Amino acid sequence: MVLIKCKKCSDGFHSNYLYNALDYLHDKEKQLHLGGFGVDPYDLDKTYKQMLFVKNYFHKTQENPLIHFIISFGDEVRKYEKAKAYAVLISTVFKCRYQLVWAVHKKKRGDSLFHIHIIINSVSFVDGKLYDSSKENLSKFCDEVERITGTGCRYYFAGYYSTDDV
């Protein structure tokens, strides 16, 4: 079973939540692999500036600065290579509309050995529309994750103050 935790912050542009979340993914002690689409994922400051550029271009600096998915794999993902492949494949769901960065982490927690973080710019670089993290869209995302992994999927919304762990 794949479990998706969706975190979002509505403190707006000035909360530093975007920078802090990106910094968490760039932590060399935690991440086994880092990648992204639409940004330079390997340079924290460039990633941040590139995401801010899209927000500023579309005048969307007061809304939710990001969507943070933490995707935990069950016992079916025992190897790093598989977790990395899933990170890339799952991230492609968003790459045609949103800038994003992902990281693969390894941490034993219940049946889960690997999990991935995906930080998505909440503003689309195509048309400036905000990502809609409704139950309907998260259900569709779960369906895509099930198709990619061949494993059942559930999601839940986490509070702002919940940890960045699964």
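In the predicted model, Cys 6 is buried, with a relative accessible area of 1%. The cysteine sulfur closest to that of Cys 6 belongs to Cys 142, at a distance of 11 Å, which is too far for a bond. Cys 96, by contrast, counts as exposed, its relative accessibility being 59%. A disulfide is a covalent bond between the sulfur atoms of two cysteines. With a cut-off of 2.5 Å between cysteine sulfur atoms, the number of disulfides comes to zero.

Cys 142 is one of the buried residues of helix H4, together with Leu 138, Phe 141, Val 145, Ile 148 and Thr 149. Helix H4 spans residues 135–149 and comprises 15 residues. From the first C-alpha to the last, H4 reaches 21 Å, close to the 21 Å expected at 1.5 Å a residue. Viewed down the axis of H4, its buried residues fall within an arc of 120°, and they therefore line one face of the helix. The packing partners of the buried H4 residues are strand S1 (2–8), strand S3 (66–72), helix H3 and strand S6 (153–158). After H4 comes Gly 150, which has a positive phi, near 70°.

Helix H3, one of the elements against which the buried residues of H4 pack, consists of 12 residues, 80–91. The distance from its first C-alpha to its last is 16 Å, close to the 16 Å expected at 1.5 Å a residue. Within H3, the buried residues are Ala 83, Tyr 86, Ala 87, Ile 90 and Ser 91.

A polar atom of the His 26 side chain lies 2.8 Å from the backbone oxygen of Leu 22. When residues up to four places away in sequence are not counted, His 26 touches Gln 31, Leu 34, Pro 41, Tyr 42, Asp 43, Leu 44 and Thr 47.

Definitions and conventions:
Residues are numbered from 1 along each chain as its sequence is written. This is a predicted model: local features need pLDDT of at least 70, side-chain atom pairs count only at pLDDT 80 or more; totals for chains, interfaces and linings use all residues. Side-chain values use heavy atoms; hydrogens and water are left out. Helices (H or I, at least four residues) and strands (E, at least two) are DSSP runs, numbered from the N terminus. The expected span of a helix is 1.5 Å times one less than its number of residues. Buried means under 20% relative accessible area, exposed over 50%, partly exposed in between (1.4 Å probe, protein chains only). The arc is that of the directions from the helix axis to the C-beta atoms. Contact means heavy atoms within 4.5 Å. A polar contact is a pair of N or O atoms within 3.5 Å; within protein, one must be able to donate a hydrogen and the other to accept it, and residues adjacent in sequence count only if both atoms are side-chain atoms.
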